[in-house]
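The sequence and structure follow.

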Amino acid sequence: MKAISFLITIATLSFFLSDATATGGWRPIKNVNDEHVLEIAEFAVKTYSWQIGRSLELITVRRGIVQVVAGGKSYELVLTASPPHLDLAPVQYKAVVYENVFHVKKLVYFRPSYFTSSEATTKN
């Protein structure tokens, strides 16, 4: 019985320690055209559209960074979107989406992005 308790304790401890070592700082997303990154961006645009009651359509993901956090990942994306079927110039937005280990997503932040060229660098 003590052996089982010991094994459970070791397994639990190793799970938490391995998760803690995987967390860290922001890293650039090398391929912003990756299918999963585009899925995150689409989720952000659709969720924001629903929140504001106006339709937006994703045009492109310009750049992004990702951070492994406890229980999932945070994605910070700079993207362009515009209303479909209207002849308006696309607007650049900054979106932050949290995705947990079960792939459940939450829109944390979505606002127009007014970067100057010197501010548009990725975080370290």
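## Salt bridges

In this predicted model, Glu99 has a relative accessible area of 4% and is therefore buried, the limit for that class being under 20%. The side chain of Glu99 forms a salt bridge with that of Lys105, at an N to O distance of 3.8 Å. Shared partners join Glu39, Glu99 and Lys105 into one network of salt bridges.

Glu39 itself is partly exposed, at 39% relative accessibility.

The count of salt bridges comes to three. Lys94 and Glu76 also form one, with their closest N and O atoms 3.8 Å apart. This pair links distant parts of the chain, 18 residues apart, with Lys94 in strand E4 and Glu76 in strand E3. Both Lys94 and Glu76 are buried.

## Helix H2

Helix H2 comprises 18 residues, 35-52. From its first C-alpha to its last it reaches 26 Å, close to the 26 Å expected at 1.5 Å a residue. At the start of H2, a side-chain oxygen of Asp34 comes to within 2.9 Å of the backbone nitrogen of His36. Just after the helix, Gly53 adopts a positive phi of about 75 degrees.

The buried residues of H2 are Val37, Ile40, Ala41, Ala44, Val45, Thr47, Tyr48 and Ser49. They pack against strands E2 (57-69), E3, E4 (91-100) and E5 (105-112).

In soluble globular proteins, nonpolar side chains tend to be buried together. The largest nonpolar core here has 21 residues, and those with the most contacts inside it are Ile29, Val45, Val61, Leu77, Leu79, Tyr93 and Phe110. Two or more residues each are given to this core by H2, E2, E3, E4 and E5. The largest share, six residues, comes from H2.

Beyond its neighbours within four places in sequence, Val61 is in contact with Val32, Val37, Leu38, Ala41, Leu77, Val78 and Leu79.

## Ser74 in strand E3

Ser74 lies in strand E3, which spans residues 72-82. Its relative accessible area is 12%, and Ser74 is thus buried. Residues up to four places away in sequence aside, Ser74 touches Trp26, Ile65, Val66, Gln67, Val69, Val97 and Tyr98.

How values were computed: Residues numbered from 1 in each chain as written. Predicted model: local features only at pLDDT ≥ 70, side-chain atom pairs only at ≥ 80, totals over all residues. Heavy atoms only, no water. Helix = DSSP H or I, 4+ residues; strand = E, 2+ residues; numbered from the N terminus. Buried < 20%, exposed > 50% of the residue type's maximum accessible area, 1.4 Å probe, protein only. Contact = heavy atoms within 4.5 Å. Expected span 1.5 Å × (residues − 1). Polar contact = N/O pair within 3.5 Å; in protein donor to acceptor, adjacent residues only side chain to side chain. Core = buried A, V, L, I, M, F, W, Y, C linked by side-chain atoms within 4.5 Å. Salt bridge = Lys/Arg side-chain N within 4 Å of Asp/Glu carboxyl O.
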